[in-house]
Amino acid sequence: MEIIYCQGCGAEIQTTDPEKIGYTPASSLNKEMVLCKRCFRLKHYNEIQDVAITDDDFLKMVSTIRDANGLVVHMIDIFDVNGSLIKSLPRITGDNPIILVGNKVDLLPKSTNQNKLTQWLRSEAKEIGIKVKDVFLISSAKGSGIEELSQQIDAYRENKNVYIVGTTNVGKSTFINRLIKQSSGYTDVITTSYFPGTTLGFIEIPLDDSSALIDTPGIVNKQQLTHYLSDEDLKIVTPKKEIKARIYQLNHGQTLYFGGLARIDFIKGDRQSFVCYFSNELPIHRTKLENADELYKNHVGELLSPPNQTTLEQLPKLTESTFKLNGEKTDIVFPGLGWVSISGSDTTVAAHSPKGVSVTIRKSLL
Ligand code: GDP
């Protein structure tokens, strides 16, 4: 087949995989102006849709941003900070300034201390070598924080382009669609100048005569828990509204299962509360530590679900990490799922999560 490039974003047109970049239905190929589905939707419905890219394309994208001059806005999901921070971001951005945006704050309990959350995001980014100029918390869905963020982007960008970068599912499209709606007068937001095979699905939304906001394809991170789950599982695991704390008074020798996706064992310490912050729909099951392995073996995929019987097959085995706590209120964080807050002194817990989706700890956010 002759290679055709999308007249909007410059991606190579393909007709086989709707999830991948450059997809267009075969029936649209004979049109005079061929657009990929993503650009088509943007042009006709003013709506951004996320596409995923491969590692190779990602590397090409890296060099494009590094050689450009502009502000990089890295959007992450505050429920999956480990999974949504892009470890190679410093390589991507070169000397360009980065601001970090934590999305989905509407899901946090009202009592969350946003300063602590901001500090934690900053330190997590720093740990993997990302130096950020500033950190913002927003809700793309509900709109909170967006206005301040837009103003700050405008100040930080110094009339240059803005690159919005993130893994899939962090809410990038929801954010950009909101910006498009807010700013009136965009009838044709697609860039007309393109360089076949090099722009890789960058979509430009003009900010003024000489600069633009550029939506980049979402990078897929294999370490995200969501990657192993079905749409049905995701409906249960992904919080839809503010999460409510579920509190369990535990003695040592007890275990909590979060569906069949994660587990925490209370190994040592005085009786205390385990305050659990997960999607309100995710079942939590309490059992004795001594029965916990057996329960999992016999009931994962049914009593302990999600996963279901099918997704179970692709889920990596649960692996265990041990944490010793010294009395400071601490969150045991299960990336992509939620966290458990504990404050006992001389306390030991073991946290189990699918291999590759590592559990971390932080100072409690409350
Ligand atoms: P993208 O892949 O980064 O473009 O992400 P999307 O914008 O498609 O959003 C991914 C999912 O997260 C969708 O189900 C959105 O409804 C949801 N989402 C996006 N932003 C928010 C937010 O601020 N709060 C909540 N609760 N959900 C959000």
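Modeller: The C-alpha centres of domain 1 and domain 2 lie 30 Å apart. This is a predicted model, and the values here are computed from it. Domain 1 covers residues 57-187 + 195-219, and domain 2 covers 228-363.

Where the two domains touch, eleven residues of domain 1 are in contact with eleven residues of domain 2. On the domain 1 side, two elements give two or more residues each: helix H3 (81-84) and helix H5 (114-127). Helix H3 provides the largest share of that side, three residues. Sorted by class, the domain 1 side has five nonpolar, four charged and two polar residues.

Domain 1 and domain 2 each supply at least three residues to the core. As a general point, nonpolar side chains in soluble globular proteins tend to be buried together.

Setting aside its neighbours within four places in sequence, Ile164 is in contact with Val73 and Met75, with Lys172 and Ile176, and with Leu213, Ile214, Asp215 and Thr216.

Of the contacts with a separation of 6 or more, 74% are between residues 24 or more positions apart. As for burial, 42% of the 366 residues count as buried.

Helix H1 (residues 37-45) gives a local example of burial: Arg38, Cys39, Phe40 and Leu42 are buried there. The buried residues of H1 pack against strand E6 (203-206).

These elements belong to a total of ten helices and 18 strands in the chain. Along its principal axes, the C-alpha trace spans about 70 × 45 × 35 Å. What does the radius of gyration say about the chain as a compact globule? For 366 residues, a compact globule would have a radius of gyration near 21 Å, and the chain has 22 Å, so the two agree.

Key: Residues numbered from 1 in each chain as written. Predicted model: local features only at pLDDT ≥ 70, side-chain atom pairs only at ≥ 80, totals over all residues. Buried ≥ 20, exposed ≤ 12 C-beta atoms within 10 Å, placed from the backbone. Helix = DSSP H or I, 4+ residues; strand = E, 2+ residues; numbered from the N terminus. Contact = placed C-beta atoms within 7 Å. Rg over C-alpha atoms; globule rule 2.2 N^0.38 Å. Domains from an automatic or database assignment. Nonpolar A, V, L, I, M, F, W, Y, C, P; charged D, E, K, R; others polar.
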